[in-house]
Amino acid sequence: NTAVMLGLSPYLLDRPDVHAKFTVRHDAEQRLREHFNALRIAGVLHFVAAMSPIDEPNNTVAGLEELTKAVSVIRKVAAEYAELKDYKLYVVYAADKDFIGRDMFDWIGFDDYDMKGSVLTGKQYKELRDSLFPDQKTIIIPGGAYGQDPVPFCNYAKANTEVAVVMPFLWLDDQGEPGIRSNGMAAHYINAGKSVI
């Protein structure tokens, strides 16, 4: 059995051009329902452990109101599926802007790859950890596409109960840039993954 984290932006959000911010689609509910139905038919919907409206909403979405609408659509449609009764809603923010709407999410992370492993002992992570509600947890994100070592992140997760997920960025190759699978880090991340399962 494999737990899956789904990014839902193609079903929920749209923008008129690449320079615009995302807003909720008029047909978001219908599109999300169709997606969940397809996953149900394929027999895999029950593997979905967590879902996110979009990456870095504090960079990509046209404000808190639109993000709130997107979350509301997810909550409404997911409630129709018994297979999704225990899912978590997660978000990864850009580190350099306010974490808008973070009280709506179960698991919260931010990406700051320049900090490498020191992000775990930095002020911003400490402030996030200290501000969590009792039912919230963190996501920590090693930048494997930039050659970062996953071991400090795995060690931290094992020793700190507020961590829900170690979520490496990024396995696949993106726009000509090699990801973890191609940049010589694959074995390191596979071994790290096995160490935390």
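Which residues does D103 touch, not counting residues up to four places away in sequence? Keep that in mind while you look around; point 6 comes back to it.

1. **What you are looking at.** This is a predicted model, in which local features need pLDDT of at least 70 and side-chain atom pairs count only at pLDDT 80 or more, while totals for chains, interfaces and linings use all residues. Residues are numbered from 1 along each chain as its sequence is written, and side-chain values use heavy atoms, with hydrogens and water left out.

2. **Overall build.** The protein chain holds seven helices and eight strands (helices are DSSP runs of H or I with at least four residues, strands are runs of E with at least two, and both are numbered from the N terminus). Its radius of gyration is 17 Å, close to the 16 Å that the globule rule gives for 197 residues, so the chain is as compact as a globular protein of that length. That radius is taken over C-alpha atoms, and the rule is 2.2 Å times the number of residues to the power 0.38. Along its principal axes, the C-alpha trace spans about 40 × 40 × 35 Å.

3. Buried residues account for 42% of the 197 residues; here buried means under 20% relative accessible area, exposed means over 50%, and partly exposed is in between (1.4 Å probe, protein chains only). The accessible surface comes to about 10700 Å², with 53% of it belonging to carbon and sulfur atoms. Such areas come from the Shrake-Rupley method with a 1.4 Å probe, and for residues only the protein chains shown count as cover. Contacts, meaning heavy atoms within 4.5 Å, also tell you about the fold: among those between residues at least 6 apart in sequence, 65% join residues at least 24 apart.

4. In soluble globular proteins, nonpolar side chains tend to be buried together. The largest nonpolar core here has 44 residues, and L12, F36, M51, L84 and F105 touch the most other members. Elements that each supply at least two residues of this core include helix 2 (28-41), strand 4 (48-52), helix 4 (64-78) and strand 5 (88-94). Helix 4 gives the largest share, seven residues. Apart from this core lies another, of eight residues, among them Y90, V92, Y113 and I141. A nonpolar core is a set of buried Ala, Val, Leu, Ile, Met, Phe, Trp, Tyr and Cys residues joined through side-chain atoms within 4.5 Å.

5. Start with M51: leaving out residues up to four places away in sequence, its contacts include L6, F36, I74, L84 and Y90. Next, find V73 in helix 4, where it counts as buried at 10% relative accessibility. The C-alpha atoms of V73 and A28 are separated by 7.2 Å although the two are 45 residues apart along the chain. Not counting residues up to four places away in sequence, V73 touches L12, A28, E29 and L32. Then try T138, which sits in strand 7 (residues 137-140) and is buried at 0% relative accessibility. Leaving aside neighbours within four places in sequence, T138 has contacts that include I108, Y125, L128 and V163.

6. **Back to D103.** This residue lies in the loop between strand 5 and strand 6 and is exposed, with a relative accessible area of 55%. Not counting residues up to four places away in sequence, D103 touches F133 and Q136, which answers the opening question. From D103 to L84, 19 residues apart in sequence, the C-alpha to C-alpha distance is 20 Å.

7. **Backbone details worth a look.** A cis peptide bond, with omega about 5°, joins F169 and L170; L170 is in the loop between strand 8 (163-166) and helix 7 (186-196). E56, in the loop between strand 4 and helix 3 (57-60), has a phi near 45°, a positive value in a residue other than glycine. E56 is buried, with a relative accessible area of 18%. K116 is not a glycine either, yet has a positive phi of about 50°, and K116 is in the loop between strand 6 and helix 5. D114 is found in the loop between strand 6 and helix 5 too, and at 75% relative accessibility D114 counts as exposed.
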